[in-house]
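Student: Could you help me learn to read this structure?
Tutor: Gladly, let us look at it together.

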Amino acid sequence: MANSRVHKTVMNAKVGFVFYFVSIFLAFFSRRIFLECLGDEFIGLAGTLYSILNFLNISEIGIGTCIAYFLYKPIEEQNREKICEIVSLFGYLYRIIGTVILTGAIAVSAFFPLIFADKGVPLSLTFFAFYAFLGSHLIAYFINYRQILLDSDQKTYKISIWTQTGGAIATILQMALAYHYHNPYIWAAIQFLLSVFTCWVLNWVISREYPWLKTDKSRGREILKKYPDILVKAKQIVIHRLKNFFLSKSDEILIFAFESLQMVAYYGNYVMIVGKLTGLFNQVLMGMNASIGNLVAEGNKWNIRKVFWEYLTFRYWTTGCFIIALTFLINPVISWWVGPKYILADHIVFLILLNMYIMLTRPSVDLFINAYGLYDDVWAAYAEGIINLAVTLLVGYFYGLVGILLGKIVSMLLLVVIWKPYFLYKQGFKESLLPYCRNVGVHLAILAAVLFLNSFVNSFYRADSTVAGILVYGVCVTLPVVVVYSTAVYLLCPGAKDLVNRIPFSKRKG
């Protein structure tokens, strides 16, 4: 079972890694074309509309997370009857949720003439784009619900191959047609049509992979009575989902409210860079969700702890490498990529990167909390959401984007950085938190020292906004600093040596 788990995780990582570089190339190349050919206002509008849909998506209330948790055991036991029942229940619940989202979207769109009046974008385009995005969104609820089995069975790479290929084709078509026609209607239509095609292909793949998978959504109410714990867990997760929305999905809406559509586009450039790095984790490590769930289900305490430190060290090390590079390269990249007028102030960039660091390291704890099914700390979700909203509204009213970022950071420092590890160690590992505090402190101290070193070097030499300047700085300055950082992590941080030993060529013979 352990070998199968590792094999599937590696497959997920390989596929994710390949598509990551394809997507990052297309994303950066397309962003400039879309800004030049479709305009700042429309790109800002698209980001705002997606945020509205993400807000409506909170009605999903974590059903997917619950279903994945309840699928781990029957998948391990190869209980096909139970798997079919749980997936059928998932389809039944998702059909209800999709209907709620559709109803909410129609209601929200009725206010578009008030929300988007005099924003520089025709209302007809606003409605067309919104419903095109909505159609793409609802496919997952009404048709693609069976992919939950691929996710839980650690075969996410089969989903990635088709969804990422469809996304790449859509982006290429959008770039070509936007450059030729400068028509945002065509851009939005392609987004929807490729989603429909990808949906059809993905369901064909699922049918071939699991020919025995027979689902019946009409039995949903009956099956739900057999699994009452699903709704109990879902009611706990809903609070966490609401909190997650305020932390990660409301930025564009709040920036639009406190600033402008143009600032949404400016901020979106930085978010795209950070998002692509986050996407690297999501693509390469997406198989770890099911793998860790399977690991915890096996119950080997020593192995769980060993994997925990390996995963935590990998998260902190890779995030640290990105932070080191971005601290001094992100503004030159922005200037070269879309132009110097899109560069944000240094203090805003600092807050963006700090938020990125917390967001990318938090799954090292969250993933194990999910694997143990620990969702009953709903007070923490309330507290995190309230603190985030209070700081955002208070500071954001006066300082705009700065307040929005501070709201996220302050709330996460208190609840994610401090509370969540304590909760995992008390309820999941049932051990003292002191080793965690000591070891994470080592990670933070190493990163702080290396950033200081890089800052010292940067006082003598700065990267300019040309491809050659960025490459020279990256290779001659940032790369050696990253090597120093990596060496320190390997020598001083627990789990690092075990992680390296997983690489085939690093294993000792004998």
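Student: Is glutamate 310 buried or exposed?
Tutor: Glutamate 310 counts as buried, because its relative accessibility is 3%. Buried means under 20% relative accessible area, exposed over 50%, and partly exposed in between, using a 1.4 Å probe and protein chains only. Please note that this is a predicted model, where local features need pLDDT of at least 70, side-chain atom pairs count only at pLDDT 80 or more, and totals for chains, interfaces and linings use all residues. Residues are numbered from 1 along each chain as its sequence is written, and side-chain values use heavy atoms, with hydrogens and water left out.

Student: Which residue does glutamate 310 meet in a salt bridge?
Tutor: Here is the general idea first. Side chains of opposite charge can pair when their charged atoms come close. A salt bridge is a side-chain nitrogen of Lys or Arg within 4 Å of a carboxyl oxygen of Asp or Glu. In this structure, the partner of glutamate 310 is lysine 306, at 2.6 Å from N to O. Lysine 306 is partly exposed, with a relative accessible area of 23%.

Student: Why are glutamate 310 and lysine 306 separated by about one helical turn?
Tutor: Because they are 4 residues apart in helix 15 (residues 301–337). Helices here are DSSP runs of H or I with at least four residues, numbered from the N terminus.

Student: How many salt bridges does the structure hold?
Tutor: There are 5. One of them joins glutamate 384 and arginine 362, at 4.0 Å from N to O. This pair links distant parts of the chain, 22 residues apart: glutamate 384 is in helix 18 (residues 378–399), while arginine 362 is in the loop between helix 16 (346–361) and helix 17 (363–371). Both glutamate 384 and arginine 362 are buried. Salt bridges with shared partners connect Arg362, Asp366 and Glu384 in one network.

Student: What describes two packed helices?
Tutor: The angle between their axes and the distance between the axes. Axes are lines fitted to C-alpha atoms, for helices over the stretch in contact (heavy atoms within 4.5 Å), and angles run from 0 to 180 degrees between N-to-C directions. Helix 8 (residues 156–181) packs with helix 9 (residues 184–209) at about 160°, and their axes are 9 Å apart.

Student: Are helix 8 and helix 9 roughly parallel or roughly antiparallel?
Tutor: Helix 8 and helix 9 are roughly antiparallel. Angles under 35 degrees count as roughly parallel, over 145 as roughly antiparallel, 65 to 115 as roughly perpendicular and the rest as oblique.

Methods: Helix = DSSP H or I, 4+ residues; strand = E, 2+ residues; numbered from the N terminus.
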